[in-house]
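Colleague: I'm new to reading protein models, and I'd like to learn how you go through one. Could you walk me through it feature by feature?

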Amino acid sequence: MNLLSYNAQWVLLSTLLLGMAAGVVGVLSYWKRQSLMSDTLSHAALPGVVLGFIAVGTKQLPAMLIGAAASALVGAWLVQWIRSSSRVKEDAAMGIVLSVFFGLGIMLLTHANRMPGGGQSGLDHFIFGQAASMVRSDVMLLAVLAIIVLCVVFILFKEWKITLFDSSYAMGLGLSVKSMNIVYTALLVLVIVIGIQAVGVILIAALMIIPAVSARYWTDSFGRMLLLSASFGGGAGVCGTLISTLGKGWPTGPFIVVTAAAMFLVSLLLGSSKGLLVVVYQRKRAQHKRGTAIMTEQAVEGGRG
Amino acid sequence: MNATIVVNNLSAAYRKAEVLSGISFDVMPGTLTSIVGPNGAGKSTLIKTMLELHPRTTGDVSFLGQSYKLAKTKIGYVPQRGSVDWDFPTDALDVVLMGLYGKIGWLKRPRKSDREQAMEALRAMGMEQYADRQISQLSGGQQQRVFLARALVQDAEIYFLDEPLAGVDAATERIIMETLQQLRTKGRTVMVVHHDLQTVEDYFDHVLLLNRTVIAHGATAEVFTEDQLHRTYGGALRWMREKV
């Protein structure tokens, strides 16, 4: 276990930033009611990753990430196109794009693995994620991208709030909701691109969905929801990566997601705003109050009688 | 005096089915107009099309002699209460503050003076004690008052309200109508989608009767007659009157 090695520290930093970026973008998806869009786009990224590899011939992260971004964007465009030009609803359109792109990606992957050098290239890591396989230059690139995502969400805080709460009112105030949607899709694709190596295409969506849902149980403020979701995502990223270093060749993605799921369970039970225990307690208290009120009423009535 | 709102031959459709056709009317400043018509008459669509929230198929609209794009900062819009998700994590003051976002400027943070102004608008609606209440914890009437406060801080020349009195309590109805009448007194132009025929004569000085197209438009006393209502509602009117 080379936990404290120089490289491991860099890897941890990148999964921390990745988790935070995924956490904040996940909150945007949550309120856009588009949580499944992240799943669709991440699966749609796979063919691009492999095509990037085939085009360059060796495993070079930048080329594969550009491929990933391009094919995710094509996926996003296809979902829109299917929805607007046919009677197919958005969820079905996402289902089509997700499965077709993923199938295509696996097909290309099988082909690439048979190419010279393909078998050892670690292309399979892009499915379930292998954070340890990142080298320092990769980590730097991903960290910079994650910081960009965090900054964009932070700078546009007020604009997200109004677009997500009441987009037609935002338009009336002169905000370009169309531009906000483009920025949102760009952020979504960036997070997928950042996470694709550490978490993999199948599970990266979980890192966007679970922290946001968990954060909802703790707060009734949009700003705090973003902060909490970033913390949950970052925490899951770091913990999951640490756990995966315990065994040789263990994939990172599943451990990150399982850690996030544990956080969700705790939030579901103990969340201070909507957690089950709080809700049950409030209901009990309301019942008790009502009970006392009825009893008092009866006592008064009884006194009269 | 020049009309504040001029609508000329406006039409709109949903998925190729025409909802509004050949709508033309002028609205003078300092008037309080109700838009009245049966369900599916296109009342909300009319407002949305005028505000370019819904595409038009023909016609044009001008506000204060300008296109919507140039005039939009002078227009306040209160959408139907049900058009947003009240579960969104924010409080009453924050929603009112959104009315100032255009003035604050994009990418900038609200200042203390903006918060005070938003608070003032809440106070005018009798809502100051609910400023930091979660919006999901407000009653329907309180939510409607928050929406109106948000439009008021914009200090607009023209106001559009979509069913502001639907499902609100009597106190809210009184506060909303007093506020709208004050706006009229200040020379602002107000148009309201309204569903309660019983109160039209008490509340509004002008009426626009709508059923896919303009049936009649003018001063309430002249337009809001049995005859015109029949033309607007057809057979449905008798049923409605009986029900009331």
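Colleague: Which residues have the most contacts inside the largest nonpolar core?

Modeller: The general idea first: in soluble globular proteins, nonpolar side chains tend to be buried together. A nonpolar core here is a set of buried Ala, Val, Leu, Ile, Met, Phe, Trp, Tyr and Cys residues joined through C-beta atoms within 7 Å. A residue is buried if 20 or more other C-beta atoms lie within 10 Å of its own, exposed if 12 or fewer, and partly exposed in between, with C-beta atoms placed from the backbone. In this structure the largest core has 151 residues, and those with the most contacts inside it are A21(A), V25(A), V191(A), I192(A), L207(A) and V96(B). Leaving out residues up to four places away in sequence, V25(A) touches V149(A), V153(A), L187(A), L188(A), V191(A) and M208(A). Two residues are in contact if their C-beta atoms, placed from the backbone, lie within 7 Å.

Colleague: What should I know about the model and the numbering?

Modeller: It's a predicted model: local features need pLDDT of at least 70, side-chain atom pairs count only at pLDDT 80 or more, and totals for chains, interfaces and linings use all residues. Residues are numbered from 1 along each chain as its sequence is written, while chains are lettered from A and ligands numbered from 1 in the order in which they are written.

Colleague: How many helices and strands does chain A have?

Modeller: Chain A has 13 helices and 0 strands. Helices (H or I, at least four residues) and strands (E, at least two) are DSSP runs, numbered from the N terminus. The C-alpha trace of chain A spans about 95 × 50 × 35 Å along its principal axes, and 46% of its 305 residues are buried.

Colleague: What covers the buried residues of helix 12 of chain A?

Modeller: The cover includes helix 5 (125-128), helix 9 (177-198), helix 10 (204-216) and helix 11 (222-244) of chain A. Among the buried residues of helix 12 are F255(A), I256(A), M263(A) and F264(A).

Colleague: Now over to chain B. Which residues of helix 7 are buried, and which are exposed on the face turned away?

Modeller: An α-helix has 3.6 residues a turn, so residues three or four places apart point the same way. In helix 7 of chain B, T172(B), I175(B), I176(B), T179(B), L180(B) and L183(B) are buried. They lie on the same side of the helix because they cover an arc of only 130° around the axis, taken from the directions from the helix axis to the C-beta atoms. The face turned away from that buried side carries exposed residues, including R174(B), E178(B) and Q182(B). Strand 3 (32-36), helix 6 (140-152), strand 6 (158-162) and strand 7 (189-193) of chain B are among what covers the buried residues.

Colleague: How do I read phi, and where does E52(B) lie?

Modeller: Most residues other than glycine have a negative phi, and most peptide bonds are trans. E52(B) has a positive phi of about 60° although it is not a glycine, and lies in the loop between helix 1 (43-50) and strand 4 (56-63) of chain B. E52(B) counts as partly exposed because it has 16 C-beta neighbours inside 10 Å. E163(B) is another non-glycine with a positive phi, near 50°, but E163(B) counts as buried, with 21 C-beta neighbours inside 10 Å.

Colleague: How many residues does each chain bring to the contact?

Modeller: Chain B gives 18 residues and chain A gives 21.
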